[in-house]
Amino acid sequence: MTLSRTLATAARVLRQLRHDPRSIALMVLVPCVMLLLLRYVFDASPRTFDSIGASLLGIFPLITMFLVTSIATLRERTSGTLERLLALPLGKGDLIAGYALAFGALAVVQSALATGLALWALGLDVTGSPWLLLLVALLDALLGTALGLFVSAFAASEFQAVQFMPAVIFPQLLLCGLFTARARMQPVLEALSDVLPMSYAVDGMNEVLRHPEVTGAFVRDTSVVAGSALLVLVLGAATLRRRTA
C-alpha cells in the first residue's frame, strides 16, 4: 500500500459520487429521515424514543452504508472499471483502502448530521458525551462500508448485492439486543449474538445512553466494532480479483 495511490483512489470515488446525487442523498439524508419518523412515531412516549433512538442512531447508518457501498462497488466491477484499475500498478490494499476512505468521509458527514439531529432537534436524552455517541455512529457506518465492500465480491449483479442484506444485516438486527435483551434469548442465539458486530454497536450506544463517563464496556464494544470493520476490509482485499465477469 502507498498513501498517494490510496488517496488518488479515494479522490476518484468521491468525484464519481459527486455526480450521483441519489446515492449521496441515500447515505446522508435517509438515516436522518428515519430518526425523524421514529421520533414522531413515539411522540406520546418520549422515553421510548430515548431507549431505542440511540441504538438506531448506530444501526441506520450501518444499513445505508452497506447498501450504497455494495451497489456502488459492484457497479465498478460489472462496468469493467475495477478490472482496468487492477491492471495498473495499484495494489489491492490501495484499492480497498481508497474505497473505504472515500465512503468513510461520507460516513463522517452522515454520522454527524444524524447525531446532531437526534440530540439537538429531536431531543434524544443521553447521559454520556455526544462525542462518544458520534464516535459509535461513525464506527457503525464504517462497519457498514466494510461489509458492503466485502459482499460485493460475491454478487454478480446489483440485485444480488441487495439480496445479501437479508443474509448479512437482518440476522444481526434481530440478535443485536434491540428487541429484547440478549441475555433473555435462547442460549444458542445468545452465543451467536456474541460474535456479531452489530451487538457491540448497540451495546456501545447503550453505554453512552446510561453512563456519564467512558466505561470499560464502552471501550470493549467500540474496539470490537472497529476491529470487525478492519478485519472485513482485509477479507475484502483478499477476495478482490481481477476478473469480474
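Me: Where in the protein chain is confidence lowest, and where is it highest?

Reply: This is a predicted model, so start with pLDDT, the predictor's own confidence in each residue. In the protein chain, helix α5 (residues 81-86) comes out lowest, at a mean of 65, while helix α10 (residues 187-193) is highest, at 93. For the chain as a whole the mean is 84, and 92% of the residues reach 70 or more.

Me: Okay, now helices. Which residues of α2 are buried?

Reply: The cut-off to keep in mind is that buried means under 20% relative accessible area. In helix α2 (residues 21-28), the buried residues are S23, M27 and V28. Look down the axis of α2 and those buried residues fall within an arc of 115 degrees, so they line one face of the helix.

Me: And what does the face of α2 turned away from that buried side carry?

Reply: Exposed residues, namely P21 and R22.

Me: Which helices do the buried residues of α2 pack against?

Reply: There are α1 (3-18), α3 (30-41), α4 (46-78) and α6 (92-121).

Me: Let's pick a residue in α4, say T69. Why does T69 count as buried?

Reply: Same cut-off, under 20%. T69 has 0% relative accessibility, so it is classed as buried. For its surroundings, leave aside the neighbours within four places in sequence: T69 is then in contact with F103, T145, G148 and L149.

Me: What lies 2.6 Å from a polar atom of the T69 side chain?

Reply: The backbone oxygen of M65.

Me: On to aromatics. How many aromatic pairs does a search of the whole structure find?

Reply: The general idea is that you describe a pair of aromatic rings by the distance of the centres and the angle of the planes. Searching the whole structure turns up 1 aromatic pair. The ring centres of F150 and F154 are 5.2 Å apart and the planes sit at 70 degrees, so this pair is edge-to-face.

Me: Last one: which ring does the charged end of R182 sit over?

Reply: For this feature, look at how far the charge is from the ring centre, with 6 Å as the limit. The charged end of R182 is over the ring of Y200, 5.9 Å from its centre.

Key:
Residues numbered from 1 in each chain as written. Predicted model: local features only at pLDDT ≥ 70, side-chain atom pairs only at ≥ 80, totals over all residues. Heavy atoms only, no water. Buried < 20%, exposed > 50% of the residue type's maximum accessible area, 1.4 Å probe, protein only. Helix = DSSP H or I, 4+ residues; strand = E, 2+ residues; numbered from the N terminus. Arc of directions from axis to C-beta. Contact = heavy atoms within 4.5 Å. pLDDT = per-residue confidence, 0-100. Polar contact = N/O pair within 3.5 Å; in protein donor to acceptor, adjacent residues only side chain to side chain. Phe/Tyr/Trp six-rings, centres within 6.5 Å; stacked < 30°, edge-to-face > 60°. Lys NZ or Arg CZ within 6 Å of the ring centre and 35° of its normal.
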